[in-house]
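Please open the model in your viewer and keep a selection panel at hand. The stops below go from the whole chain to single residues.

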Amino acid sequence: GDFIKSGLAVKGNARVFENIVSIRLSDSLGNTLVQMSSYANAPDVGMFGSFEKILKFQTNATEGTLEVYQSSAKDGSEIDKVTIPVLFN
């Protein structure tokens, strides 16, 4: 429920397939404002690594959702998803 604005830094630690972290920011109507990926800086397979990406976006919406997840190696589905409700400044 935090207020965010363009230039938002999304960072964390992840243990994901091929070190690829997917990030998506959507408005309350489900429109994707920005979607990108980042690489987790893991020292070896199966270990956690840090990641960071700057999100630049434009919207007139007041609410939205930030999602961070990985794509399944099996079928490409979104797994281990973290969903955070946000408010736009």
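Colour the protein chain by secondary structure and follow it from the N terminus, where the elements run β-β-β-β-β-β-β; in this predicted model there are seven strands and zero helices.

With the whole chain still selected, turn to its overall dimensions. Along the principal axes, the C-alpha atoms fill a box of roughly 40 × 25 × 20 Å. The radius of gyration is 13 Å, which agrees with the value near 12 Å that a compact globule of 89 residues would have. Among contacts between residues at least 6 apart in sequence, 57% join residues at least 24 apart.

Buried residues make up 33% of the 89 residues in the chain.

Now hide the surface and go inside. In soluble globular proteins, nonpolar side chains tend to be buried together. Here the largest nonpolar core has 17 residues, and the members to select are Val 10, Val 21, Ile 23, Leu 25 and Leu 55, which touch the most other members. Two or more residues of this core come from each of strand E2 (8–14), strand E3 (20–27), strand E5 (49–55), strand E6 (63–71) and strand E7 (78–88).

Which residues does Val 21 touch, once those up to four places away in sequence are set aside? Centre the view on Val 21 and display its neighbours, among them Ala 14, Val 16, Met 36, Phe 51, Val 68 and Tyr 69. Ser 37, Ser 38 and Ala 40 also belong to the residues that Val 21 touches.

From there, move to Thr 65 in strand E6, which counts as partly exposed because its relative accessibility is 24%. Leaving out residues up to four places away in sequence, Thr 65 touches Arg 24, Leu 25 and Ser 26, as well as Thr 83, Ile 84 and Val 86. For a distance to display, pick the C-alpha atoms of Thr 65 and Val 82, which are separated by 10 Å and lie 17 residues apart along the chain.

The last stop is Ser 72, in the loop between E6 and E7. Beyond residues up to four places away in sequence, Ser 72 touches Ser 77 and Ile 79.

Definitions and conventions:
Residues are numbered from 1 along each chain as its sequence is written. This is a predicted model: local features need pLDDT of at least 70, side-chain atom pairs count only at pLDDT 80 or more; totals for chains, interfaces and linings use all residues. Side-chain values use heavy atoms; hydrogens and water are left out. Helices (H or I, at least four residues) and strands (E, at least two) are DSSP runs, numbered from the N terminus. The radius of gyration is taken over C-alpha atoms; the globule rule is 2.2 Å times the number of residues to the power 0.38. Buried means under 20% relative accessible area, exposed over 50%, partly exposed in between (1.4 Å probe, protein chains only). Contact means heavy atoms within 4.5 Å. A nonpolar core is a set of buried Ala, Val, Leu, Ile, Met, Phe, Trp, Tyr and Cys residues joined through side-chain atoms within 4.5 Å.
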